[in-house]
Amino acid sequence: MKVLLTGGAGFIGSNLTRSMVLAGHNVLVIDKLTYAGNLSSIKDLIDAEKIDFSQLDLADASAIDDAMLQFAPNAVMHLAAESHVDRSIDGPGEFIQSNIVGTFNLLQASLKYTHTLSAASAKAFRFLHVSTDEVYGSLGETGAFTELTRYSPHSPYSATKAASDHLARAWHDTYGLPVVVTNCSNNYGPYQFPEKLIPVVILKALRREPIPIYGDGLNVRDWLHVEDHCAALKTALCHGTPGETYNIGGNNEMQNIELVSQICDLLDELQPNVDGRSYANLITFVADRPGHDRRYAIDSSKIQSELGWRPQHDRQSGLRQTVRWYLDNQAWWQSVLDQSYQLQRLGKAQAVAAN
């Protein structure tokens, strides 16, 4: 297929771009190249002319229209988004522009483009909208999010993703655009921008700096290896039913403190300190994030039973591979740290009191 992939220089996007190329698809990557869009993550593919790349902002509706018409894709995979909860607390406006307005512009461009196609080609076209489990809010000690769980976002990030999900579904229901929506759990793996928990832990440890744990460390997340996520996205694109939503999870729930402790154990094994001290000694509990959801868990039974996808990475193999990747790719993450982001904490902005 010819696939227009937004956010393809980001964490999940760069891994998905590589996966799509390996599967033989013709890919046009569109990325604004904000702080988390790292061109070095796909530069080898660009240099080898295995993908097309265009630096575009989804806020530029006319540019998106032009790209759609010129590339003439069979499908759109929409991953471009501002995605870090802490950053959304400090600056929600960027999230509204990127996640809501950007999604609207892309939906409109896709709809206009399908009107130029034959009836058969328009029916075969797919718009895959990639979202998050954070739109569902927080769970208690038991249960899991299903595709029918009521939305209850608690952060500016999750609220903007919820809005974009509703837009995508509305463009299917109102205009007939063949939209498939996916909601995934927390991703981890290669090329993740080092503001997220797992790379923060690894890089803080390697720099012998305090490893911050929010609150009591008992918040629970379901961790999904990015390679498994990419496989699920390809499955949803090729075999998903328009108008349907598919939840994608890793069957891998862990408390934050448990996750961090396992990473420290792996570092102790793979790159031990010269003094023999465990990296776990660097763990430091810090003030909690405002509105921090207690527990997420995904029920992936629908995509497993209907489309045949299942995660292939277990907790041990996935974390080991990820830690190994960061140890082996210092040039990649050091280039990020040499720029604007220095592993500082974000998301401490306070609400403005009402007058």
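**Exercise 1.** Determine how the axes of helix α5 and helix α7 are arranged relative to each other, and which residues make the contact.

*Solution.* Begin with the axes: those of helix α5 (residues 92-114) and helix α7 (residues 156-175) come within 9 Å and cross at roughly 15 degrees, where axes are lines fitted to C-alpha atoms, for helices over the stretch in contact, and angles run from 0 to 180 degrees between N-to-C directions. Angles under 35 degrees count as roughly parallel, over 145 as roughly antiparallel, 65 to 115 as roughly perpendicular and the rest as oblique. The helices α5 and α7 are therefore roughly parallel to each other, and their crossing is right-handed. On the α5 side the contact (heavy atoms within 4.5 Å) includes P92, F95, I96 and L111, and on the α7 side it includes P156, Y157, W171 and Y175. Sorted by class, this contact of α5 with α7 has 14 nonpolar, five polar and one charged residues.

The structure is a predicted model, in which local features need pLDDT of at least 70 and side-chain atom pairs count only at pLDDT 80 or more, while totals for chains, interfaces and linings use all residues. Residues are numbered from 1 along each chain as its sequence is written, and side-chain values use heavy atoms, with hydrogens and water left out.

**Exercise 2.** Describe the crossing of helix α1 with helix α9 and the residues that meet there.

*Solution.* The axes of α1 (residues 11-22) and α9 (residues 226-239) come within 9 Å and cross at roughly 65 degrees, and this crossing is right-handed. From α1, the residues F11, I12, N15, L16, S19 and M20 meet V226, H229, C230, L233, K234 and L237 of α9. By class, the contact has eight nonpolar, three polar and one charged residues.

**Exercise 3.** Locate H313 and identify its contacts outside its sequence neighbourhood.

*Solution.* H313 lies in the loop between α11 (301-307) and α12 (315-328). Leaving aside neighbours within four places in sequence, H313 is in contact with H225, E227, D228, G318 and Q321. With E227, the side chain of H313 forms a 3.2 Å polar contact, that is, a pair of N or O atoms within 3.5 Å, of which, within protein, one must be able to donate a hydrogen and the other to accept it, and residues adjacent in sequence count only if both atoms are side-chain atoms.

**Exercise 4.** Decide whether E49 is buried or exposed, and state what its phi is.

*Solution.* E49, in the loop between α2 and β3 (52-55), has phi near 55 degrees, a positive value in a residue other than glycine. Buried means under 20% relative accessible area, exposed over 50%, and partly exposed in between (1.4 Å probe, protein chains only). At 72% relative accessibility, E49 therefore counts as exposed.

How values were computed: Helix = DSSP H or I, 4+ residues; strand = E, 2+ residues; numbered from the N terminus. Left-handed = near helix turned anticlockwise from the far one by under 90°. Nonpolar A, V, L, I, M, F, W, Y, C, P; charged D, E, K, R; others polar.
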